[in-house]
Amino acid sequence: MNEKLKAFFETKKEEELKKQDELNKKQEEVKKKTLIDLGLFEKVYSPDNKQSDEFSCYEWDSINSTNKYYKKVPVEVTDEEYEEIKKYSKQTEDIIHNNFNRYNSVAISLTVIAYVIFIVGFIAGILFGITEVEEEVKYYYFTHTDTKIEFSFAIAFVYWCTSFISGTIYLGFAEIIKLLTEIKNK
């Protein structure tokens, strides 16, 4: 076999092994993070009870009235156990995401603002639609100014239409955010 060909194959095999090693390391890190996130870890306490990068977590020790620093070490699991854990973990994430969709704070805020606009606009239409009309009443030589209270549908209608359009726009944005959140979580 040609020397250049041998060198090429060896280089490619080394690159492939490096990629496989990096992939295995990443998978191991994901595995550790998943187990820790699910609470499947043991606490290993700092031997000198001092905070460090390695021992960054702490809990209160009521006996000694001090913090005890520890690190989270994931429990040892087989590949089959980890696959089953991932299955349950995925179900848990789906439940969390579905609840988040229902309780998305931005969408809820926009929906509340829309309903407040509807209610305030309706009330404002009624209040500003009530107008006082002055009318002069003549009785022989006497002139008397009389005021009447009337309801102007034209003024009220302007407020009602404005609040309806504004509230509908806010509801539309809330629905868009809900749909985008659903798409993101799929």
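Visitor: How large is the volume of the largest pocket?
Guide: In this predicted model, the largest pocket has a volume of about 170 Å³.

Visitor: How do you know where empty space is left?
Guide: A probe the size of a water molecule is rolled over the atoms, and that shows where empty space is left.

Visitor: What makes a residue part of the lining of the largest pocket, and which residues are they?
Guide: A lining residue has an atom within 4 Å of a point of the pocket. The residues that line the largest pocket are N24, Q27, E28, V30, K31, D79, Y82, E83 and K86.

Visitor: Which helix gives the most to that lining?
Guide: That is α1, with five residues. Both α1 (3-37) and α2 (79-102) supply at least two residues each.

Visitor: How do the lining residues divide into nonpolar, polar and charged?
Guide: There are two nonpolar, two polar and five charged residues in the lining. Asp, Glu and Lys are among the residue types that count as charged, while Val and Tyr count as nonpolar.

Visitor: Why is T34 called buried?
Guide: Buried means under 20% relative accessible area. T34 has 16%, so T34 is buried. You will find T34 in helix α1.

Visitor: Which residues does T34 touch, leaving out those up to four places away in sequence?
Guide: T34 touches Y82 and S89. Contact here means heavy atoms within 4.5 Å. Y82 also belongs to the lining of the largest pocket.

Visitor: And why is S65 called partly exposed?
Guide: The label covers values between the 20% limit for buried and the 50% limit for exposed. S65 has a relative accessible area of 48%, so S65 is partly exposed. S65 sits in the loop between β2 and β3. Its phi is near 55 degrees, a positive value in a residue other than glycine.

Visitor: Now the strands: in what order do they form the sheet?
Guide: The order is β1-β3-β2, three strands in an open sheet with antiparallel pairing.

Visitor: Why do β1 and β2 stand at the edges?
Guide: β1 (41-45) and β2 (57-61) each have a single partner strand, so one side of each is left without a neighbour in the sheet. From one strand to the next, the twist averages 45 degrees.

Visitor: How do you know that β1 and β3 pair?
Guide: Two strands pair if there are at least two bridges between them. β1 and β3 (residues 66-74) have five bridges, so they count as paired, in the antiparallel sense. To see one of the bridges, look at V44, whose partner in β3 is K71.

Technical notes
Residues numbered from 1 in each chain as written. Predicted model: local features only at pLDDT ≥ 70, side-chain atom pairs only at ≥ 80, totals over all residues. Heavy atoms only, no water. 1 Å grid on protein atoms, 1.4 Å probe; cavity = no way out; pocket = protein on both sides within 12 Å on 5 of 7 lines; lining within 4 Å. Points joined across faces, edges and corners; volume = space filled by probe spheres on them. Helix = DSSP H or I, 4+ residues; strand = E, 2+ residues; numbered from the N terminus. Axes fitted to C-alpha atoms, helices over the stretch in contact; angles between N-to-C directions. Buried < 20%, exposed > 50% of the residue type's maximum accessible area, 1.4 Å probe, protein only.
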